[in-house]
Amino acid sequence: MLVNLRQSIADWIFRARFPETSPVTLVQRRIFILPSKEGYVFALVLLVLLVASINYALSLGFILTFLLAAMGSVAMLHTWRNLAHLRIRPGRGDSVFAGDTAHFAVVIESPVRERFAVGLRRRDEEPVFADIAEREATTVGIAVKAGRRGRLKCGRVEIYTRYPVGLFHAWSYFDFGQGVIVYPRPDPSAGPPPSRSVSESGEGVPIPGEDDFHHLREYRPGDPLRHVAWKALARGDQLLTKEFHATASGELWLDWNDARAADPEARLSFLAHWVIECERIGLRYGLRIPGVSVPPDRGESHRARCLEALALHGEGAPR
Amino acid sequence: MSAAIPNAALDARGVMWLLGAMLFVVAPHLARMPEWVGAFFVLMVAWRGWVAWRARHFPMRWVVFLLTVAAAAGTFLQYGRLFGRDAGTTLLILMAAMKLVEMRTSREVLLAIHLGFVLVMTNFLYSQTIPMGIYMLACVWIFVATLVGYQRGVGRPATVAERLVPAGKLLAQALPLMVVLFVLFPRVTGPLWALPQDARAGLSGLSDTMTPGNISKLIQSEATAFRVEFDGDIPAYQWLYFRGPVLWAFDGRSWRMSEFSPAAALEYPKAERPVKYAMTVEPHGKHWLFALDVPGSLPPGVSARHDLQLRSVRPVDARIRYEMTSYLDYRFGEKLPAGFREFALRFNTWQNPRTIALGRQWAAENPDPRRVIGRALQYFNSQFTYTLEPPLLESDDPYDEFLFDKKRGFCEHYAGSFALLMRAAGIPSRIVTGYQGGEINPLNRELIVRQADAHAWVEVWLEGEGWVRVDPTSAVSPNRIDSGINAALGPIGVIPSLIAADRLGILSNLRFAWDALNSQWNQWVLGYNIDRQRQFLTRLGIDALDWMTLALWLAGVSFAVAGLVSLWLVARDLPRRDPPAVRAWKRYGEKLARAGLARAPHEGPLDYLARVRAARPDLGPEAVAITERYVQARYGTGLTAPEARELAQRVRDFRPA
């Protein structure tokens, strides 16, 4: 109940503020603090102790009660201090397939003191805890289940702590607008890439098989590391990539119309499977779906481009 | 990067800490409670420990339920109730044990820790000594450390230091606020509601019987029995006899209050030297009240028995205050009814035969009872020693043993044997217990009478004079009556053998220091009640007469102290300023950046210098000088104060743009 109330108040307070620019420093006015449920129980226990002390005229009882009460108020300060002045910036988030778990990295740094048991959580989800070292970037991954393809936003994250004694809950929110692309889940039942589409270029049927070294070309970001010409690099040449051709320049178009499935989502899953397969066996492949056409190529970045096109199909231009 | 959920499951080490803390806090109770309670508790703790350590299954719910019911039933069978000090504490211990057995989540652990705090409090119902205070502070520390442990562990259980150090810091930082609260929190008079009957079991005070040995136990207590505010001068010490229970019945060893004792009006044939005063009696849980001999008026709700003992209708469970008038010069009870006379002469002839023979012999030698009394006092004066640590009287004839063998004793020995001697000599006599003397507080001219001032004396009935007070102790130790108990004992009166062996005086000094410490503890911690609070605050210049004013002071000072502690903690978090050389270097970098020569993050000072000189030869000399100084400050011998100033000046004058 309390959590919900807190969430709705936060929704109202932050409605126009997010997403915000990185990095965020948790300054005093960003941090909220309230007693936790245990804190309220503790207050009740203090009341019982106080009444007992008064009633039985126990001086040591008074001392115990007041010591615990004072400890509670000092603890409030410590809880607040455990969050104050933290610097937060977004880390990178990798694309995932639908059904997998996406990890939004958040980098937290403490300018003073080590911080303990700082929790991060999205609304209504399990928190993840970390100790934050002093003057050292600590990366915390917020795991989010990627349900369906498309853009997955991290959304507002609550950063909170109850250290040292759990009687107070200090928290703040941040939202960097972090997002990852969720690819359609590849569907192996799609079978091998259809051969019909190959004939369009009229250059024969590609034979999947042993990779033959073709030529060296300049390195492009996204090329697989195992294709880098390390020997050439060692000789002092520039960074080069070894091009392999499985067949004599076989080019394959993966076409929306070839993916014969019941609904668009299933088609996308088929196409995703083919993209992965083609990349795995080293074909040059292009992608044609309504609205998007990716010319044939190969390599990690090409694969990512194709999968992204599939992921964002029907979602309009990326913002 | 570490990412785990603390508290998701109860880690075994955290549970062990909690169990240890619980054992600690319950340990002092184990000696006080019936054996089965301790056995049950230890067994449950061991069971829980085994479950946690070996990751066993939890006991089934119905087993826990049955055990809980059995524990409650056992408590009821033991005490006949579930509330009150002993029964309540027992029940709390047993329920805490059951809570330990059944707890499965971290939330329940916190609940158990809260129970632990309450258990700390129950210990104070039994003992509030300095060692107990220190022991319980340690318990609180362990409990807080357990709390910290449950918050601290990320992906692994917290270490011992990670628990104890933050907990210790928390408690240390809480101390100032605790002191403020303790001093200023408004105290009230008396309990908020009627206390259970056994709540006062630990209270010291007189009892309705007197056996050699039981008053001297009271003498060890510094607790206040009552306070007296006199309207006018305080009478001299030897007049300060505060009358309490009057004991008539004698069984050969103990003197008891008689069952039959009709009420009487306070009428005296002679009543002079009236003294007006107000008594403030600390709760002692019994019906009797005290008054200077002899009481001349009755407060409301109080009656007087025919032997001048005041009785309150309700037991004195709360501090009460009443106005009194007494007469120091009086005569009463001139007519002694035959029944009372017979009662005041009764004793068992088969016990204490030598004492009885001595009394009879004196009576035979002296027909005048006054001569017999003088003879007895002379006897005590000649051969006896007054001591707080009298040897035990173990035989069936305790007064024979005392009078003829041991000859060392305390007021109850003297009063008891004197009364028996009188009865043997045919003089009606009875024992009066109460308090004698007291300590005058120089601040407010109040007389404070402590349990240590407990005393017993004798009243004998003489034809034509009525009941007359005779204090045999004064014959042995006149100091006791003239100036109080401490003067009578002297500095080394209590444990002479030990003190004699302690030639260097270390032991006695230690004992004095410990006594002094205890006295301060009693006065300022245990005795810090509404009066003491008022007195203390007045001395500080705070006239906090009503609790509203006090509450305002409390709020103000608490906020101030809490604010100071907060400021101190928060100030340590403020970003530290860079040393001057670094600040100068940063400004130098900023100036160059504006001129299009920003330092790259990876660039060292010398590389940067090379680049600057290449790009702007005109800046060369200045850049070299600044860079050299900076390198010297950071990586070399450091800078002297003039050198640092020179560097700052150079940077100020540096104009690249």
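In this predicted model, Arg280(A) counts as exposed, because its relative accessibility of 60% lies above the 50% cut-off. Arg280(A) forms a salt bridge with Glu277(A). Both residues belong to helix α5 (residues 264-281) of chain A, where they are 3 residues apart, about one turn of the helix. An α-helix has 3.6 residues a turn, so residues three or four places apart point the same way.

By the rule applied here, 33 salt bridges are counted over all chains. Three of them are listed below.

| Salt bridge | N to O distance |
|---|---|
| Glu277(A) and Arg280(A) | 3.0 Å |
| Arg121(A) and Glu158(A) | 3.1 Å |
| Asp86(B) and Arg85(B) | 3.4 Å |

Arg121(A) and Glu158(A) meet in a salt bridge. This pair links distant parts of the chain, 37 residues apart: Arg121(A) sits in strand β6 (residues 115-122) and Glu158(A) in strand β10 (residues 157-161), both of chain A. Arg121(A) is buried at a relative accessible area of 16%, and Glu158(A) is buried at 3%.

In chain B, Arg85(B) is buried, with a relative accessible area of 8%. Salt bridges with shared partners also join Arg243(B), Asp293(B), Arg430(B), Glu459(B) and Arg469(B) into one network.

A positive surface patch comprises Arg587(B), Arg594(B), Arg652(B) and Arg655(B). Of these, Arg652(B) is located in helix α24 (residues 641-653) of chain B and is partly exposed, with a relative accessible area of 40%.

Conventions. Residues numbered from 1 in each chain as written. Chains lettered and ligands numbered in written order. Predicted model: local features only at pLDDT ≥ 70, side-chain atom pairs only at ≥ 80, totals over all residues. Heavy atoms only, no water. Patch = residues over 30% accessible without salt bridge, like charges linked within 9 Å, V, L, I, M, F, W, Y side chains within 5 Å. Areas by Shrake-Rupley, 256 points an atom, 1.4 Å probe, with all protein chains shown as cover. Salt bridge = Lys/Arg side-chain N within 4 Å of Asp/Glu carboxyl O. Lys, Arg positive; Asp, Glu negative; His and termini not counted. Charge placed at Lys NZ, Arg CZ, Asp CG, Glu CD. Helix = DSSP H or I, 4+ residues; strand = E, 2+ residues; numbered from the N terminus. Buried < 20%, exposed > 50% of the residue type's maximum accessible area, 1.4 Å probe, protein only.
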